[in-house]
Amino acid sequence: MEALKDKLESSFLVFENELNGEGEGPIHTRRREAFERFVKSGFPTKRDEEWKYTNLKPVLKPDFRVFVNDENTVDFSSIKRFFLNDVDTYKLVFIDGYYSSWLSETTHQGFDICTFSNMLTKYKDVAEQYFGKALPENEAMASVNTAFAREGAFIRIKRNVTVDKPVEIIFITTDHGVATLAQPRNLVVVEENAEITILERHQSLSEQPVLTNTATEIFALRDSRLNYYKIQNDAKTASLIDSTAVRQYRGSNVTMGTYSFGNKFIRNNLNFFLEEEHTESHMDGITVIDEGQTVDHHTLADHKVPNCYSDELYKGIYDANAHGVFNGKVMVHPHAQKTNAFQQNNNILLTDKASIDTKPQLEIFADDVQCSHGCTIGQLDEEAMFYLRSRGIPEKEAKALLLYAFANDGLRNVKIPALRKKLNRQIAKKLNVNLDFEL
Amino acid sequence: MLKINNLQAGIEGKEILKGIDLEVKAGEVHAIMGPNGSGKSTLSSVIAGREDYEVSGGSIDFEGEDLLDLGADERAHKGIFLSFQYPVEIPGVTVTNFIKTAINESRKARGEEPMPANVMLKKMREKMALLEIDNAFLSRSLNEGFSGGEKKRNEIFQMAMLEPKLAILDETDSGLDIDALRIVANGVNKLKSKDNAVIVITHYQRLLDYIVPDYVHVLHKGKIVKSGDKSLAHELEAKGYDWLKEGAVEA
């Protein structure tokens, strides 16, 4: 951990020297401040309350290369499977931290679906207004990302625009023969009464360890609507730390779906800040993991003002020695009356070696609210298994059918049929069955 | 069709069935009656292949094949069907998808092609009419929030769709009002043929007014203590089961 910290410190100096006079601008000041916060706090350890169930040490251990300078070429056929394919989409594709115009399909007509670097140079006012303004300052990994933020997606949907098709953001890391650290950075601004759907995924094509430390800032302005889906299904040599912060303004409606099947290690820090009244926030998640995998979900619904609604549903299926964490915090501030906040976390452990640490954390300081939470940890219901088998459904299929049915709720807010299909297929694949219907 | 020979079985070391002999031929209806705890449900569970039970002796042959080595799903593929006393609620799986999967998995096991969707649909409509089941039923989650009557009707609907050779109805009458009982019994009777057989397990004689048995067996303390024709059921109804307690009965 210390080795990586030292490396980041020297890399940051190199990075600053390359800036040619921009070093004193407001954006770089934010970077430097973020970096100083990180230098002071260091990487999170298990002594940190927010990290007590997961150990970051082995994740940070490889000798990561922080900047990739040699660009590998990737042809579409080798990454086709990561896209939705049977539906038309805008595409933002990044290879080793660089935007690939060849593989992408972007637009500036009526709205901006382009790159973070483009935003930094072309829309300085936007950068100043939003960069670093959504993420909480006390999260070390987000601060590291802020310090090094260079490239990623920039999506800005102008007032009253409903975007005609979903946007797919895909980050590819290729094989450079060494362990690689990737730090994508996304900014999404959905302006008043605008609407968009976004998909995000990170894929390693490398045999070497890849650590993706990604950060996404989302601003959902008045009456806007955003559906954001993350497919976390990377190679088992890859690890992912995702810091996402959503700031919601009056009447906006945001859905965040996090679907985790792959990777060796995943940590999601998902923070919703409800800044103005009458917002609606949905957080859904399905986690299906097995041998050697860890997925840690930390979520926050921060009800700062009255009359907001948040609903959270996370489902988890853990096989072999998989380890899951769910820490769902709901904060209702003293004057946030008439808050509706719901949270549900249900887990199935398929073996004795699988484990889940689940911690609902409700801090409610207002009295006229409706809040509920529930978490369950169970095994497969033997009686249900016998029932299905007695109807001729073999053991493996019966098990899968029950798990499918269990997880299915987590797809309730997936509005793109093609994505639903893809996720259903992925769940089936992970459960190692082929059922001839979709739930 | 079914030949049970000196069957002994129990759960968690406790012996419940202490030597059952029973033969069921195609075209027959057998009723198994007996007081609570006599082993009726254990017998049906053991025939259907519930894994919690251990068979310590005897055999079950079905059409010349030893059933005891087969899993519950394989027994279903051979044509055995158990209508559950307490059908399990399975949220998230619709009745349609469940039946579709059950039928096609059985067909797959027998080396047959999946049933074409239109054939399946037609068959479902037909059987639903038979059991006076509403269309909306199909898209509901399996047994979730169903009333007792709906659950039992759903069991017989599954039976109608799967067309088993041997159907075991485990206390299908319990919790049913007389109208529901009539519908269910009528459904069972319509499905009866010279090629299939039914075992009706019940505590009461009431159901047997509608599904008329060829044979009635009285189960007590894990043994069949008396067998006879349908008049035995009436006798039991009149006398109750207390006479069994005297212990002097022999089959």
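The legends below describe close-up views of a predicted model.

**View 1. Confidence of the predicted model.** The model has an ipTM of 0.94 and a pTM of 0.86. For chain B, the mean pLDDT is 92, and 97% of the residues of chain B reach 70 or more.

**View 2. The two domains of chain A.** Domain 1 of chain A is made of two segments, 1-41 and 57-266, while domain 2 of chain A spans 383-439. Taken over C-alpha atoms, the centres of domain 1 and domain 2 of chain A are separated by 32 Å. To their contact, domain 1 of chain A supplies 13 residues and domain 2 of chain A supplies 10 residues.

**View 3. The side of domain 1 of chain A that touches domain 2 of chain A.** Two or more residues come from each of strand E8 (195-204), strand E10 (225-232) and strand E12 (253-260) of chain A. E12(A) gives the most, with three residues. By residue class, this side of domain 1 of chain A has seven nonpolar, five polar and one charged.

**View 4. Helix H7 of chain B and its surroundings.** Helix H7 covers residues 230-239 of chain B, and B:Leu232, B:Ala233 and B:Leu236 in this helix are buried. Seen down the axis of H7(B), these buried residues fall within an arc of 105°, so they line one face of the helix. Their cover includes strand E3 (29-33), strand E11 (215-220) and strand E12 (223-228) of chain B. B:Ser231 and B:Ala238 are exposed, on the face of H7(B) turned away from its buried side.

**View 5. The residue that follows helix H7 of chain B.** Just after H7(B), B:Gly240 has a positive phi of about 75°.

How values were computed. Residues are numbered from 1 along each chain as its sequence is written. Chains are lettered from A and ligands numbered from 1 in the order in which they are written. This is a predicted model: local features need pLDDT of at least 70, side-chain atom pairs count only at pLDDT 80 or more; totals for chains, interfaces and linings use all residues. pLDDT is the predictor's confidence in each residue, from 0 to 100. Domain bounds come from an automatic or database domain assignment. Two residues are in contact if their C-beta atoms, placed from the backbone, lie within 7 Å. Helices (H or I, at least four residues) and strands (E, at least two) are DSSP runs, numbered from the N terminus. Ala, Val, Leu, Ile, Met, Phe, Trp, Tyr, Cys and Pro count as nonpolar, Asp, Glu, Lys and Arg as charged, and the others, Gly among them, as polar. A residue is buried if 20 or more other C-beta atoms lie within 10 Å of its own, exposed if 12 or fewer, and partly exposed in between; C-beta atoms are placed from the backbone. The arc is that of the directions from the helix axis to the C-beta atoms.
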